[in-house]
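Have a look at the sequence and the fold below before reading on. The notes after it walk through the chains, the place where they meet, and a few local spots.

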Amino acid sequence: MTPSILYIACVVGAIGLFLIMRPHRQSTRIVGTILGAGAIAFIMVKVLAGLAADAPVPILEVIFGLAAIAGAARMVTHPRPVFAAIYFVVVVVSSAGMFLLMDAEFMAFSLIIVYAGAILITYLFVLMLAQDATSTAGEALYDRIPREPVAALVVGFVLLAILSDAFLLVDGGVRPDAPGMTPSLAAAEEHRWMVLDGLPLQLNDTVAGLLDADSTDAAVAEFTIERIDGRAIRFDGINASVDVKVADESRNLVLPVSALPTNAQLVGWSLVATFPVSLEVAGVILLMAMFGAVVLARRQIDLGEDELRVAAGMTPLLEDEESDFAGGSS
Amino acid sequence: MNDVAISLTQAGEASTMVPIATGTIQIVLLVSAVMFAIGMVGFLTRRNMILMFLCTELMFQASAIAMIAFGRMHLNPEGQVFVIFILTVAAAEAALALGLVVLLYRRKPTLDAEAWSELKEC
């Protein structure tokens, strides 16, 4: 794929999005949808055609990606805000699907729970709170007419051209199979075994299960895992093994692959072992956001002079039955 | 014992220990770039304040996809940790932005961002 083809596809996609943004007539919207979908499908086909013949075709990624892009395009162009928010749910669910395909199970489900379950619901609440309940016209004028669509499309799609250029074309694009790009599988696996090494309870359970499966007689009562320099698991590039002392007899156990920590454990380990300060800062950010939201959204109450005195801890000046009676009844 | 373990390693190879295919990562990065561009266009063209913030969420989402993809490519869970932080920032932003929108809506009963264009000072 040459750069000019990519740029032409970006321009066609921009024109398509421009036509979808004008919801005056159904026909222009259909033409815009066809142009945009054609542009993105063309680039995807070009990417897939540039692969080696025996490379696996990422069909599910393509499907989820097209769904996400369609949801995103509809979200930024839909004249009704509530529908736009619901199209964002489509985007969230499709990206969660892509996360699943990329072995990020924990993030996929937390994305659905946090985004689709919490953040989107908050958006919908505020949208419905702020919508003019008395007007039956449906779509407000400011939701129907885009602001500076041509300039915005130029900015957005120049950015897209540069980004996709970098991803797809520069030095053949992002190629994990290029020399130097491929991570060492043994190093990655060793890191995972080290994570298991840092989870002593789970390591104990794994070893106990292995010993149980190994021994013919009753369950092995006592064992100690021998640690050299604080590390129990030794990984030689193929096998990970631990030295276990059972009843004064030293044994070498090879850990099965199924004992590798799961995705959620890896993420949690990385979170607390590599980024502990960032984790604390994230907690502080959330707390401050909560305070900020409370302060911002609180209704401002105008206090009278006397109520200010009371709030300041002074005795009110108008201390008679009349004001007490008025306060009690209101 | 060792032979058994080796065959286990080969047969039950965890899917995370396989390098990602070139086509997969290119498609995923392309999708993320397109989503980011669309989110940016949406942020610039929508006039509804709430939807402008929703478009920033779309951009967050796109960068999260890119991070997960690169983390998968390098077989490194730190890409997913960054997505957790993105989620944090998105939640904080949603809380603050929506509080702000509610505040502004009480002053002027419209969601049009142009209603506040006097803040531009020009």
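What follows covers the chains overall, then their interface, then some details.

This is a predicted model, so local features need pLDDT of at least 70, side-chain atom pairs count only at pLDDT 80 or more, and totals for chains, interfaces and linings use all residues. Residues are numbered from 1 along each chain as its sequence is written, while chains are lettered from A and ligands numbered from 1 in the order in which they are written.

**The two chains**

Helices and strands here are DSSP runs, numbered from the N terminus (helices: H or I, at least four residues; strands: E, at least two). A residue counts as buried if 20 or more other C-beta atoms, placed from the backbone, lie within 10 Å of its own; 12 or fewer makes it exposed, and anything in between is partly exposed. Two residues are in contact if their C-beta atoms, placed from the backbone, lie within 7 Å.

Along its principal axes, the C-alpha trace of chain A spans about 90 × 75 × 35 Å.

Chain B reads α-α-α-α along the sequence. Take its helix H2 (residues 22–45): 24 residues reaching 34 Å from first C-alpha to last, close to the expected 34 Å. The expected span is 1.5 Å times one less than the number of residues. Of those 24 residues of H2(B), 22 are buried, so the helix is largely enclosed by the rest of the structure.

**Where they meet**

At the interface, 93 residues of chain A are in contact with 78 residues of chain B. Helix H7 (residues 149–169) of chain A gives the most to chain A's side, with 12 residues. That side divides into 71 nonpolar, 14 polar and 8 charged residues. Here Ala, Val, Leu, Ile, Met, Phe, Trp, Tyr, Cys and Pro count as nonpolar, Asp, Glu, Lys and Arg as charged, and the others, Gly among them, as polar.

**Local spots in chain A**

Helix H10 (residues 263–274) of chain A has 12 residues. Its buried residues are Leu266(A), Val267(A), Trp269(A) and Ser270(A). They cover an arc of only 160° around the axis, which puts them on the same side of H10(A); the arc is that of the directions from the helix axis to the C-beta atoms. These buried residues pack against helices H5 (105–130) and H8 (185–197) of chain A, together with helix H4 (78–107) of chain B.

Strands S3 (residues 240–246) and S4 (residues 249–255) of chain A pair in the antiparallel sense over 7 bridges; pairing takes at least two DSSP bridges. Asp243(A) stands opposite Asn252(A) in S4(A). In this hairpin, with 2 residues between the strands, Ala247(A) takes a positive phi near 50°.

His78(A) lies in the loop between helix H3 (59–77) and helix H4 (81–101) of chain A. Is His78(A) buried or exposed? His78(A) is buried, with 20 other C-beta atoms within 10 Å. Not counting residues up to four places away in sequence, His78(A) touches Phe83(A), Ala84(A) and Tyr87(A).
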